[in-house]
Amino acid sequence: MTQSLPGQRPAQEQTFAGHGRPPVVVIGAGPYGLSVAAHLRAAGAPVRVFGDVMGSWRHAMATGMYLKSTPDATDLSAPEPGGRLADFRRAQSEPELTELTPIPCDVFVRYGQWFRKRYVGEVEPTRVTAVERPADGPGFVVRLDDGKEMAASAVVVATGLNGLAHVPDELRQLAPEGPGPRARVSHTSHHTDLSVYAGRRVAVVGGGQSALESAALLHEAGAEAQVLVRERTVLWGMTPDLARPWTQRVAKPASPLGTGWILAAVCASPGGVRWLPASARLLLFRRALGPSGGWWLRDRVEGAVPVRTERRVTGAAVHGSEVRLDVAGPGGERESLAVDHVLAATGYRLDLDALPFLSPAVRDAVACVPGSRAPALRGTFESSVPGLYFTGSLAAPMFGPMMRFVAGTEFAAVRIARHAAAAVG
(Lines give C-alpha, C1' and ligand atoms only; values in the text may rest on other atoms or scores of the structure.)
Protein backbone atom coordinates (compact mmCIF):
# COMPACT_ATOMS: atom_id res chain seq x y z
CA MET A 1 0.00 0.00 0.00
CA THR A 2 1.26 3.46 -0.80
CA GLN A 3 2.60 5.31 2.20
CA SER A 4 0.58 8.38 3.14
CA LEU A 5 0.61 11.11 5.70
CA PRO A 6 -1.83 11.02 8.61
CA GLY A 7 -5.25 11.90 7.29
CA GLN A 8 -4.10 11.77 3.68
CA ARG A 9 -5.45 9.24 1.23
CA PRO A 10 -2.79 7.43 -0.82
CA ALA A 11 -2.25 9.14 -4.13
CA GLN A 12 -3.56 6.35 -6.32
CA GLU A 13 -6.77 6.09 -4.31
CA GLN A 14 -7.71 9.71 -4.84
CA THR A 15 -10.71 10.27 -7.07
CA PHE A 16 -12.00 13.35 -8.79
CA ALA A 17 -15.70 12.79 -8.99
CA GLY A 18 -17.86 15.81 -9.54
CA HIS A 19 -15.53 17.71 -11.83
CA GLY A 20 -17.32 18.73 -14.98
CA ARG A 21 -14.24 19.88 -16.85
CA PRO A 22 -11.57 17.75 -18.51
CA PRO A 23 -8.37 17.07 -16.58
CA VAL A 24 -5.11 18.96 -16.57
CA VAL A 25 -2.61 17.00 -18.65
CA VAL A 26 0.99 16.99 -17.44
CA ILE A 27 3.49 15.94 -20.12
CA GLY A 28 6.63 14.64 -18.46
CA ALA A 29 7.29 12.66 -15.29
CA GLY A 30 10.63 14.02 -14.13
CA PRO A 31 11.16 16.27 -11.10
CA TYR A 32 9.03 19.13 -12.44
CA GLY A 33 6.22 17.01 -13.85
CA LEU A 34 5.93 14.96 -10.67
CA SER A 35 6.01 18.06 -8.46
CA VAL A 36 3.30 19.84 -10.46
CA ALA A 37 1.14 16.72 -10.52
CA ALA A 38 1.53 16.26 -6.75
CA HIS A 39 0.29 19.79 -6.07
CA LEU A 40 -2.58 19.45 -8.56
CA ARG A 41 -3.74 16.22 -6.95
CA ALA A 42 -3.51 17.75 -3.48
CA ALA A 43 -5.70 20.61 -4.70
CA GLY A 44 -8.30 18.07 -5.86
CA ALA A 45 -7.88 18.91 -9.53
CA PRO A 46 -8.38 16.17 -12.11
CA VAL A 47 -4.99 15.39 -13.63
CA ARG A 48 -3.43 12.85 -15.94
CA VAL A 49 0.32 12.48 -16.19
CA PHE A 50 2.01 11.07 -19.27
CA GLY A 51 5.66 10.11 -19.39
CA ASP A 52 8.39 7.76 -18.23
CA VAL A 53 8.96 8.29 -14.50
CA MET A 54 12.42 9.88 -14.09
CA GLY A 55 13.04 8.82 -17.68
CA SER A 56 15.83 11.27 -18.52
CA TRP A 57 17.64 10.41 -15.31
CA ARG A 58 17.45 6.72 -16.19
CA HIS A 59 18.08 6.85 -19.93
CA ALA A 60 20.07 10.04 -20.64
CA MET A 61 22.83 9.71 -18.06
CA ALA A 62 25.67 7.24 -18.05
CA THR A 63 25.87 4.63 -15.32
CA GLY A 64 28.08 5.87 -12.50
CA MET A 65 27.20 9.55 -12.78
CA TYR A 66 26.44 11.75 -9.78
CA LEU A 67 24.32 14.85 -9.32
CA LYS A 68 26.20 18.11 -9.16
CA SER A 69 23.61 19.57 -6.76
CA THR A 70 23.84 19.22 -2.99
CA PRO A 71 21.16 17.29 -1.06
CA ASP A 72 19.44 20.48 0.12
CA ALA A 73 19.00 21.54 -3.52
CA THR A 74 17.62 18.21 -4.69
CA ASP A 75 14.17 18.04 -3.12
CA LEU A 76 11.08 17.60 -5.25
CA SER A 77 8.16 19.80 -4.23
CA ALA A 78 5.55 17.97 -2.16
CA PRO A 79 2.25 19.54 -1.07
CA GLU A 80 2.82 18.44 2.54
CA PRO A 81 5.90 17.79 4.69
CA GLY A 82 7.53 14.41 4.31
CA GLY A 83 8.58 14.37 0.66
CA ARG A 84 12.18 15.57 0.82
CA LEU A 85 15.19 13.52 -0.23
CA ALA A 86 16.12 13.22 3.46
CA ASP A 87 12.64 11.79 4.20
CA PHE A 88 13.11 9.20 1.47
CA ARG A 89 16.47 8.19 2.88
CA ARG A 90 14.97 7.78 6.35
CA ALA A 91 12.06 5.77 4.96
CA GLN A 92 14.54 3.42 3.28
CA SER A 93 16.72 3.21 6.41
CA GLU A 94 19.58 4.73 4.44
CA PRO A 95 22.13 7.15 5.91
CA GLU A 96 21.58 10.88 5.60
CA LEU A 97 23.36 12.67 2.78
CA THR A 98 25.37 15.79 3.50
CA GLU A 99 26.98 18.46 1.33
CA LEU A 100 30.09 16.31 1.41
CA THR A 101 28.20 13.34 -0.06
CA PRO A 102 27.84 13.38 -3.86
CA ILE A 103 24.45 11.97 -4.80
CA PRO A 104 24.48 9.01 -7.22
CA CYS A 105 21.95 9.39 -10.02
CA ASP A 106 20.42 6.02 -9.19
CA VAL A 107 19.64 7.28 -5.67
CA PHE A 108 17.84 10.28 -7.14
CA VAL A 109 15.92 8.01 -9.53
CA ARG A 110 14.73 5.85 -6.64
CA TYR A 111 13.73 8.97 -4.75
CA GLY A 112 11.64 10.17 -7.70
CA GLN A 113 9.92 6.80 -7.98
CA TRP A 114 9.15 6.83 -4.25
CA PHE A 115 7.80 10.39 -4.53
CA ARG A 116 5.56 9.31 -7.41
CA LYS A 117 4.00 6.52 -5.35
CA ARG A 118 3.51 8.75 -2.33
CA TYR A 119 2.15 11.94 -3.91
CA VAL A 120 1.23 11.41 -7.55
CA GLY A 121 -0.24 7.99 -8.14
CA GLU A 122 -0.64 6.71 -11.68
CA VAL A 123 1.69 7.93 -14.39
CA GLU A 124 0.78 6.69 -17.85
CA PRO A 125 3.74 5.68 -20.04
CA THR A 126 1.81 6.48 -23.20
CA ARG A 127 3.53 9.12 -25.34
CA VAL A 128 1.73 12.34 -26.22
CA THR A 129 1.97 12.87 -29.98
CA ALA A 130 -0.06 16.04 -30.44
CA VAL A 131 -1.50 18.96 -28.49
CA GLU A 132 -4.02 20.94 -30.50
CA ARG A 133 -6.64 23.58 -29.93
CA PRO A 134 -10.23 22.48 -30.61
CA ALA A 135 -12.05 24.05 -33.52
CA ASP A 136 -14.34 25.85 -31.10
CA GLY A 137 -14.21 26.37 -27.36
CA PRO A 138 -11.41 26.47 -24.76
CA GLY A 139 -8.99 23.78 -23.73
CA PHE A 140 -7.00 21.33 -25.81
CA VAL A 141 -7.22 18.08 -27.71
CA VAL A 142 -4.42 15.71 -26.70
CA ARG A 143 -3.56 12.80 -28.97
CA LEU A 144 -1.67 9.73 -27.76
CA ASP A 145 0.56 7.26 -29.55
CA ASP A 146 -1.96 4.46 -28.98
CA GLY A 147 -4.37 6.28 -31.28
CA LYS A 148 -6.61 7.65 -28.55
CA GLU A 149 -7.40 11.30 -27.99
CA MET A 150 -8.76 13.19 -25.03
CA ALA A 151 -9.87 16.65 -24.01
CA ALA A 152 -7.74 18.63 -21.58
CA SER A 153 -8.66 21.81 -19.74
CA ALA A 154 -4.95 22.74 -19.48
CA VAL A 155 -1.59 21.30 -20.49
CA VAL A 156 1.65 21.52 -18.52
CA VAL A 157 4.81 20.92 -20.57
CA ALA A 158 7.39 19.44 -18.18
CA THR A 159 9.50 17.49 -20.65
CA GLY A 160 12.84 18.68 -19.28
CA LEU A 161 15.67 18.65 -21.81
CA ASN A 162 14.23 15.87 -23.97
CA GLY A 163 14.86 16.68 -27.62
CA LEU A 164 16.88 19.81 -26.83
CA ALA A 165 20.41 18.33 -27.00
CA HIS A 166 22.72 20.54 -29.05
CA VAL A 167 25.43 19.14 -31.32
CA PRO A 168 27.33 21.86 -33.23
CA ASP A 169 27.07 21.80 -37.03
CA GLU A 170 30.77 21.07 -37.49
CA LEU A 171 30.29 17.84 -35.51
CA ARG A 172 26.80 16.96 -36.71
CA GLN A 173 28.11 16.47 -40.25
CA LEU A 174 29.88 13.34 -38.99
CA ALA A 175 26.48 11.66 -38.66
CA PRO A 176 24.21 12.43 -41.64
CA GLU A 177 21.53 10.16 -40.19
CA GLY A 178 21.76 11.80 -36.79
CA PRO A 179 24.10 11.64 -33.80
CA GLY A 180 23.94 8.62 -31.53
CA PRO A 181 25.98 5.95 -29.73
CA ARG A 182 26.51 3.97 -32.94
CA ALA A 183 27.35 7.01 -35.06
CA ARG A 184 30.70 8.76 -35.23
CA VAL A 185 29.43 11.51 -32.94
CA SER A 186 27.02 11.40 -30.03
CA HIS A 187 25.74 13.72 -27.32
CA THR A 188 26.25 12.91 -23.65
CA SER A 189 22.47 12.57 -23.28
CA HIS A 190 22.51 9.60 -25.68
CA HIS A 191 24.34 7.30 -23.27
CA THR A 192 23.64 5.06 -20.33
CA ASP A 193 26.84 2.99 -20.65
CA LEU A 194 30.16 4.52 -21.70
CA SER A 195 32.04 1.25 -21.21
CA VAL A 196 31.19 0.36 -24.83
CA TYR A 197 34.10 2.66 -25.81
CA ALA A 198 36.71 0.65 -23.92
CA GLY A 199 39.91 0.50 -25.93
CA ARG A 200 38.80 3.27 -28.30
CA ARG A 201 39.99 6.85 -28.72
CA VAL A 202 37.30 9.35 -27.73
CA ALA A 203 37.43 13.14 -27.94
CA VAL A 204 35.08 14.80 -25.46
CA VAL A 205 34.14 18.30 -26.58
CA GLY A 206 33.09 20.64 -23.77
CA GLY A 207 34.30 21.97 -20.45
CA GLY A 208 31.44 21.52 -17.99
CA GLN A 209 30.35 18.82 -15.58
CA SER A 210 28.96 16.57 -18.29
CA ALA A 211 32.19 16.66 -20.28
CA LEU A 212 34.50 16.16 -17.33
CA GLU A 213 32.49 13.39 -15.67
CA SER A 214 32.01 11.58 -18.99
CA ALA A 215 35.76 11.75 -19.59
CA ALA A 216 36.42 10.29 -16.14
CA LEU A 217 33.98 7.44 -16.76
CA LEU A 218 35.49 6.76 -20.19
CA HIS A 219 38.98 6.62 -18.72
CA GLU A 220 37.86 4.35 -15.88
CA ALA A 221 36.19 2.05 -18.43
CA GLY A 222 39.43 1.66 -20.40
CA ALA A 223 38.89 4.19 -23.17
CA GLU A 224 41.60 6.59 -24.36
CA ALA A 225 39.80 9.86 -23.68
CA GLN A 226 40.81 13.48 -23.96
CA VAL A 227 38.82 16.66 -23.38
CA LEU A 228 38.80 19.66 -25.72
CA VAL A 229 37.81 22.83 -23.87
CA ARG A 230 37.26 26.27 -25.42
CA GLU A 231 37.96 28.19 -22.23
CA ARG A 232 41.44 29.10 -21.02
CA THR A 233 41.02 27.15 -17.80
CA VAL A 234 38.78 24.47 -16.33
CA LEU A 235 36.77 25.65 -13.36
CA TRP A 236 36.12 23.40 -10.37
CA GLY A 237 33.67 23.79 -7.54
CA MET A 238 34.96 24.42 -4.04
CA THR A 239 34.79 21.70 -1.43
CA PRO A 240 31.86 22.66 0.84
CA ASP A 241 32.81 24.12 4.19
CA LEU A 242 30.16 23.08 6.69
CA ALA A 243 31.39 25.63 9.23
CA ARG A 244 32.02 28.78 7.22
CA PRO A 245 32.69 31.83 9.42
CA TRP A 246 30.02 34.51 9.40
CA THR A 247 32.26 36.88 7.47
CA GLN A 248 32.35 34.47 4.54
CA ARG A 249 28.62 33.82 4.80
CA VAL A 250 27.97 37.55 4.51
CA ALA A 251 30.48 38.11 1.71
CA LYS A 252 29.28 35.10 -0.27
CA PRO A 253 25.87 33.93 0.92
CA ALA A 254 24.88 30.37 0.14
CA SER A 255 22.15 29.44 -2.33
CA PRO A 256 20.92 26.22 -3.96
CA LEU A 257 23.14 27.03 -6.94
CA GLY A 258 26.29 28.01 -5.09
CA THR A 259 27.70 30.94 -3.15
CA GLY A 260 27.59 34.62 -4.07
CA TRP A 261 25.13 37.50 -3.99
CA ILE A 262 23.97 37.15 -7.60
CA LEU A 263 23.10 33.49 -7.24
CA ALA A 264 21.50 34.10 -3.85
CA ALA A 265 19.36 36.90 -5.32
CA VAL A 266 18.09 34.95 -8.35
CA CYS A 267 17.31 31.93 -6.15
CA ALA A 268 15.51 34.02 -3.53
CA SER A 269 13.32 35.78 -6.09
CA PRO A 270 12.73 33.97 -9.39
CA GLY A 271 9.60 36.08 -9.74
CA GLY A 272 11.73 39.19 -9.57
CA VAL A 273 13.95 37.93 -12.37
CA ARG A 274 10.90 37.88 -14.63
CA TRP A 275 10.63 41.68 -14.43
CA LEU A 276 14.12 42.26 -15.77
CA PRO A 277 14.49 43.27 -19.45
CA ALA A 278 14.60 40.26 -21.77
CA SER A 279 18.20 40.99 -22.74
CA ALA A 280 19.25 41.01 -19.06
CA ARG A 281 17.39 37.77 -18.38
CA LEU A 282 19.04 36.02 -21.31
CA LEU A 283 22.45 37.25 -20.21
CA LEU A 284 21.75 35.94 -16.72
CA PHE A 285 20.56 32.64 -18.12
CA ARG A 286 23.69 32.19 -20.23
CA ARG A 287 26.35 33.45 -17.85
CA ALA A 288 25.17 33.17 -14.24
CA LEU A 289 26.45 29.60 -14.09
CA GLY A 290 29.37 28.96 -16.38
CA PRO A 291 30.73 25.48 -17.12
CA SER A 292 32.52 23.88 -14.21
CA GLY A 293 33.18 20.51 -12.63
CA GLY A 294 32.06 19.28 -9.24
CA TRP A 295 34.65 19.46 -6.48
CA TRP A 296 34.43 15.71 -5.89
CA LEU A 297 35.28 14.96 -9.53
CA ARG A 298 38.58 16.79 -9.73
CA ASP A 299 40.80 13.97 -8.49
CA ARG A 300 39.31 11.62 -11.10
CA VAL A 301 40.22 13.95 -13.97
CA GLU A 302 43.42 15.82 -13.19
CA GLY A 303 46.42 13.61 -13.81
CA ALA A 304 44.19 10.92 -15.33
CA VAL A 305 42.60 12.44 -18.43
CA PRO A 306 44.29 14.94 -20.80
CA VAL A 307 42.31 18.18 -20.68
CA ARG A 308 43.35 20.52 -23.47
CA THR A 309 42.19 24.09 -22.95
CA GLU A 310 41.80 26.84 -25.55
CA ARG A 311 40.96 24.26 -28.17
CA ARG A 312 38.17 24.80 -30.67
CA VAL A 313 36.95 22.25 -33.20
CA THR A 314 36.66 24.00 -36.56
CA GLY A 315 35.89 21.02 -38.74
CA ALA A 316 35.40 17.27 -38.74
CA ALA A 317 35.39 14.51 -41.33
CA VAL A 318 35.42 10.72 -41.52
CA HIS A 319 38.62 9.23 -42.95
CA GLY A 320 38.36 5.48 -43.35
CA SER A 321 37.80 3.93 -39.95
CA GLU A 322 38.52 7.07 -37.93
CA VAL A 323 37.41 10.65 -37.42
CA ARG A 324 39.72 13.56 -38.11
CA LEU A 325 39.06 16.74 -36.15
CA ASP A 326 40.48 20.08 -37.22
CA VAL A 327 41.41 21.78 -33.96
CA ALA A 328 42.49 25.41 -33.50
CA GLY A 329 44.84 26.04 -30.58
CA PRO A 330 45.58 29.03 -28.33
CA GLY A 331 48.22 30.63 -30.55
CA GLY A 332 46.30 30.16 -33.76
CA GLU A 333 48.11 26.92 -34.53
CA ARG A 334 46.06 24.11 -36.04
CA GLU A 335 46.25 20.36 -35.75
CA SER A 336 44.48 17.31 -37.07
CA LEU A 337 43.34 15.00 -34.30
CA ALA A 338 42.49 11.35 -35.09
CA VAL A 339 39.91 9.60 -32.87
CA ASP A 340 37.38 6.80 -33.11
CA HIS A 341 34.43 8.70 -31.64
CA VAL A 342 33.46 12.24 -30.68
CA LEU A 343 31.34 12.79 -27.56
CA ALA A 344 29.66 16.18 -27.62
CA ALA A 345 29.14 17.60 -24.13
CA THR A 346 27.87 20.77 -25.75
CA GLY A 347 24.74 21.46 -23.79
CA TYR A 348 21.19 22.13 -24.85
CA ARG A 349 19.29 24.69 -26.91
CA LEU A 350 15.89 25.88 -25.71
CA ASP A 351 13.69 25.76 -28.79
CA LEU A 352 9.94 25.34 -29.04
CA ASP A 353 10.41 23.86 -32.49
CA ALA A 354 12.03 20.87 -30.80
CA LEU A 355 8.71 19.97 -29.16
CA PRO A 356 7.07 17.97 -31.96
CA PHE A 357 3.91 17.24 -29.98
CA LEU A 358 2.84 20.88 -30.09
CA SER A 359 0.81 21.39 -33.24
CA PRO A 360 2.12 24.09 -35.61
CA ALA A 361 -0.87 26.28 -34.79
CA VAL A 362 -0.27 26.02 -31.04
CA ARG A 363 3.48 26.51 -31.41
CA ASP A 364 3.01 29.59 -33.60
CA ALA A 365 0.63 31.08 -31.03
CA VAL A 366 3.19 30.87 -28.22
CA ALA A 367 4.97 34.21 -27.77
CA CYS A 368 8.72 33.81 -27.21
CA VAL A 369 11.26 35.69 -25.14
CA PRO A 370 12.82 38.24 -27.52
CA GLY A 371 16.11 36.90 -28.79
CA SER A 372 15.28 33.26 -28.09
CA ARG A 373 12.93 30.42 -28.93
CA ALA A 374 11.93 29.93 -25.29
CA PRO A 375 8.34 30.72 -24.31
CA ALA A 376 7.45 34.04 -22.71
CA LEU A 377 5.54 33.24 -19.53
CA ARG A 378 3.30 34.99 -17.02
CA GLY A 379 3.99 34.82 -13.30
CA THR A 380 1.88 31.64 -13.21
CA PHE A 381 4.10 29.98 -15.86
CA GLU A 382 1.22 30.24 -18.32
CA SER A 383 2.19 31.08 -21.90
CA SER A 384 0.40 33.41 -24.29
CA VAL A 385 -1.82 30.43 -25.14
CA PRO A 386 -4.39 30.27 -22.30
CA GLY A 387 -4.06 27.04 -20.32
CA LEU A 388 -0.67 26.08 -21.76
CA TYR A 389 2.12 26.09 -19.14
CA PHE A 390 5.85 25.48 -19.41
CA THR A 391 8.20 24.63 -16.59
CA GLY A 392 11.76 23.44 -15.96
CA SER A 393 14.56 24.58 -18.25
CA LEU A 394 12.15 26.07 -20.79
CA ALA A 395 11.12 28.56 -18.10
CA ALA A 396 14.69 29.57 -17.19
CA PRO A 397 14.90 32.54 -19.61
CA MET A 398 11.90 34.00 -17.74
CA PHE A 399 12.55 33.05 -14.11
CA GLY A 400 16.30 32.59 -13.98
CA PRO A 401 18.82 29.76 -13.78
CA MET A 402 17.22 28.04 -10.78
CA MET A 403 14.62 26.61 -13.21
CA ARG A 404 17.42 24.55 -14.76
CA PHE A 405 17.77 22.61 -11.51
CA VAL A 406 15.59 20.53 -9.20
CA ALA A 407 15.73 23.39 -6.69
CA GLY A 408 13.21 25.30 -8.82
CA THR A 409 10.41 22.74 -8.48
CA GLU A 410 8.87 24.37 -5.40
CA PHE A 411 8.52 27.81 -6.96
CA ALA A 412 7.13 26.47 -10.23
CA ALA A 413 4.84 23.70 -8.97
CA VAL A 414 3.01 25.85 -6.42
CA ARG A 415 2.22 28.59 -8.93
CA ILE A 416 1.23 26.34 -11.81
CA ALA A 417 -0.98 24.10 -9.68
CA ARG A 418 -2.71 27.01 -7.95
CA HIS A 419 -3.56 28.71 -11.25
CA ALA A 420 -4.48 25.57 -13.21
CA ALA A 421 -6.55 24.08 -10.39
CA ALA A 422 -8.51 27.31 -10.00
CA ALA A 423 -9.27 27.31 -13.70
CA VAL A 424 -10.48 23.71 -13.60
CA GLY A 425 -12.55 24.25 -10.47
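## Basis of the model

Because this is a predicted model, local features need pLDDT of at least 70 and side-chain atom pairs count only at pLDDT 80 or more, whereas totals for chains, interfaces and linings use all residues. Residues are numbered from 1 along each chain as its sequence is written, and side-chain values use heavy atoms, with hydrogens and water left out.

## The chain as a whole

The protein chain has 14 helices and 19 strands; helices (H or I, at least four residues) and strands (E, at least two) are DSSP runs, numbered from the N terminus. Along its principal axes, the C-alpha trace spans about 70 × 55 × 45 Å. A compact globule of 425 residues would have a radius of gyration near 22 Å, and the chain, with 22 Å, agrees with this; the radius is taken over C-alpha atoms, and the globule rule is 2.2 Å times the number of residues to the power 0.38.

Of the 425 residues, 51% count as buried, where buried means under 20% relative accessible area, exposed over 50%, and partly exposed in between (1.4 Å probe, protein chains only). Among the contacts with a separation of 6 or more, 66% are between residues 24 or more positions apart, a contact being heavy atoms within 4.5 Å. The chain exposes about 19,400 Å², of which carbon and sulfur atoms supply 52%; accessible areas come from the Shrake-Rupley method with a 1.4 Å probe, and for residues only the protein chains shown count as cover.

## Helix H14

Helix H14 takes in residues 409-424, and at 1.5 Å a residue its 16 residues should span 22 Å, which agrees with the 22 Å between its end C-alpha atoms; the expected span is 1.5 Å times one less than the number of residues. Its buried residues include Thr 409, Phe 411, Ile 416 and Val 424. What covers the buried residues of H14 includes strand S1 (24-27), helix H1 (31-42), strand S8 (154-157), helix H9 (270-273), strand S19 (388-390) and helix H13 (396-399).

Arg 418 also belongs to H14, but this residue counts as exposed, because its relative accessibility is 57%. Arg 418 and Asp 75 are 343 residues apart in sequence, and their C-alpha atoms are 20 Å apart in space.

## Helix H6

Nine of the twelve residues are buried, so H6 is largely enclosed by the rest of the structure. Among these buried residues are Gln 209, Glu 213 and Ser 214, as well as Leu 212, Leu 217 and Leu 218.

The buried residues of H6 pack against strand S3 (66-67), strand S10 (201-205), strand S11 (224-228), helix H11 (298-301) and strand S18 (341-344). The helix is followed by Gly 222, whose phi is positive, near 100 degrees.

Arg 89 is found in helix H3 (residues 85-91) and is buried, because its relative accessible area is 9%. When neighbours within four places in sequence are left aside, Arg 89 is in contact with Glu 94, Pro 95, Leu 97, Val 107 and Arg 110.

Pro 401 lies in the loop between H13 and H14 and, at 1% relative accessibility, counts as buried. Not counting residues up to four places away in sequence, Pro 401 touches Leu 257, Val 266, Leu 284, Ala 288, Leu 289 and Ala 396.

## Residues in other loops

Glu 310 lies in the loop between strand S14 (307-308) and strand S15 (312-319), and its relative accessibility of 29% makes it partly exposed. Phe 381 is placed in the loop between helix H12 (360-365) and S19, and is buried, with a relative accessible area of 0%.

Pro 138 is found in the loop between strand S5 (128-132) and strand S6 (140-144), where it is exposed, with a relative accessible area of 66%. The C-alpha atoms of Pro 138 and Ala 152 are separated by 9.2 Å, while the two residues are 14 residues apart along the chain.
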